[in-house]
Amino acid sequence: MTLRQAEVLELLARGMTAQQAAEQLFIAETTVVGHIRVMRDRAAVTNAPELVARAFVAGILLPSSWPPRLSGRRCLQPEPSPSN
């Protein structure tokens, strides 16, 4: 995931619409929608709330912060569990 896609994801997790995220990032709403579509396809999910949930599971968004913040990780695949 690109840094810009991660920024869009963070704003979605904060409850912003695509239009609000576009205004915040000074980009076109169609660009935000395109980023969301690419991220949904990569994560194999069907909607934005599911994408946000997947981002929390993958560790892209910090689990114990409000408003949601990026962790620095940008891979939509969950981190492997430590073996026992």
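Where is the place of Phe26? I found Phe26 in the loop between α2 and α3; helices here are DSSP runs of H or I with at least four residues, numbered from the N terminus.

A note on ground rules before going on. I am working with a predicted model, where local features need pLDDT of at least 70, side-chain atom pairs count only at pLDDT 80 or more, and totals for chains, interfaces and linings use all residues. Residues are numbered from 1 along each chain as its sequence is written, and side-chain values use heavy atoms, with hydrogens and water left out.

Entry: I checked phi for Phe26 and got a positive value of about 60°, although Phe26 is not a glycine. Phe26 is exposed, at a relative accessible area of 77% (exposed is over 50%, buried under 20%, partly exposed in between, with a 1.4 Å probe and protein chains only). I then turned to Ala44, in the loop between α3 and α4. Its phi is also positive, near 60°, and Ala44 is not a glycine either. With 67% relative accessibility, Ala44 counts as exposed. I noted a cis peptide bond too, between Trp66 and Pro67, with omega about 0°. Pro67 sits in the segment after α4 (48–58).

**Entry: helix α2.** Which residues of α2 are buried? For this helix, residues 18–25, I listed Ala18, Ala21, Ala22 and Leu25. Down the axis of α2, these fall within an arc of 100°, so they line one face of the helix; the arc is that of the directions from the helix axis to the C-beta atoms. I reminded myself that an α-helix has 3.6 residues a turn, so residues three or four places apart point the same way. The cover over the buried residues of α2 includes α1 (3–13) and α3 (29–43), with contact meaning heavy atoms within 4.5 Å.

**Entry: the whole chain.** I counted four helices and zero strands, running α-α-α-α from the N terminus. The radius of gyration is 13 Å, close to the 12 Å that the globule rule gives for 84 residues, so the chain is as compact as a globular protein of that length (taken over C-alpha atoms; the rule is 2.2 Å times the number of residues to the power 0.38). Along the principal axes, the C-alpha atoms fill a box of roughly 45 × 25 × 20 Å. Buried residues make up 35% of the 84. Of the contacts between residues at least 6 apart in sequence, 42% join residues at least 24 apart.

Note on methods: Helix = DSSP H or I, 4+ residues; strand = E, 2+ residues; numbered from the N terminus.
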